[in-house]
Amino acid sequence: FHADDQLEVIKNLKARTVNRANGQTEFTDLEKRDFFTIDINDKWKAKRFTFPAISEGSIIEYRYTKYSKRYYHLDEWYFQQDIPVLHSQLEVLFPTDMEYMSFLSGPRLIGKYSGKMSNKFDLTDLPPIREQKFVYNIDNYVDKIRFQLKSYTSASERIEVIESWDKLAEKILKDPEHNSFAREKKYFEMLVNKLGLLQMPPRKRIEESYKYVAENFRWNEKTRIYNYQKLNRFLEDKVGNTA
């Protein structure tokens, strides 16, 4: 959890092991002293504990309350895990002065809830998540849901948080931290003319652009959200980070 400036706090953590023996159900509860808070770095911490009395067939149960100031994005809910899931259910209650948008991922969740208004979601008999050869974004295909704040009411005024794509693009172009290539149109125009793209039909233009990038540019193995070069330097060196 993001503990920096108490952005998130974990409370009311309880856990227990449930076993069945001689026809009786036995509960082994953890005490307060069994939970530990670990520093991961200067911003993140973790709660850790070990379940006692574990054996094959044991049931483990745990619950907690997370208080968070990160209200723009709620925690994602994963219906799938790396083991089979018999049943996974989520119910979300939103304050009346905050409007959230839901984003569905995964074929089962989309097939069941796409286009429907709901604050309750459940799926059953889910297969485990398996890494696939040549699929580096397997998370995009997992059944999960995330919520993003769309708008809220402040002093009787409705504030829109999610704007149009055009407004987002405008902000990125003006962001001083983002060295947007889109500001340097003349270099794009020179490249477009050099490759003769304007004389091609749209599909061919896309194919040739893709081919040119694949054959001429390489990754410097640095993952960044901003590009650090000017466009003319990048076109000359043909090496850059993920951005």
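Guide: One term to begin with: buried means under 20% relative accessible area, exposed over 50%, and partly exposed in between, with a 1.4 Å probe and protein chains only. This is a predicted model, where local features need pLDDT of at least 70, side-chain atom pairs count only at pLDDT 80 or more, and totals for chains, interfaces and linings use all residues. Residues are numbered from 1 along each chain as its sequence is written, and side-chain values use heavy atoms, with hydrogens and water left out.

Visitor: Is D139 buried or exposed, or partly exposed?
Guide: D139 is partly exposed, at 30% relative accessibility. K144 forms a salt bridge with D139, and the closest N and O atoms are 2.5 Å apart. K144 is buried, at 10% relative accessible area.

Visitor: What counts as a salt bridge?
Guide: A side-chain nitrogen of Lys or Arg within 4 Å of a carboxyl oxygen of Asp or Glu.

Visitor: How many salt bridges does the structure hold?
Guide: The structure holds 16.

Visitor: New topic. What is the strand order in the open sheet of three strands?
Guide: The order is β2-β1-β5, with antiparallel pairing. The edge strands are β2 (24-29) and β5 (59-68), each pairing on one side only. Strands here are DSSP runs of E, at least two residues; helices are runs of H or I, at least four; both are numbered from the N terminus. Two strands pair if DSSP finds at least two bridges between them.

Visitor: How many bridges do β1 and β5 pair over?
Guide: Nine, in the antiparallel sense, with β1 spanning residues 8-21. K14 has R63 in β5 as its bridge partner.

Visitor: Back to charges. What does R16 form a salt bridge with?
Guide: R16 pairs with E61, the closest N and O atoms being 2.7 Å apart. R16 lies in β1 and E61 in β5, so the pair ties together parts 45 residues apart in sequence.

Visitor: And how accessible is R16?
Guide: R16 is partly exposed, with a relative accessible area of 29%. E61 is partly exposed too, at 34%.

Visitor: What about D122, which side chain does it meet in a salt bridge?
Guide: K112, at 3.5 Å from N to O. D122 lies in strand β9 (residues 120-126) and K112 in helix α1 (residues 107-113), so the pair ties together parts 10 residues apart in sequence. D122 is partly exposed at 23% relative accessible area, and K112 is partly exposed at 34%.
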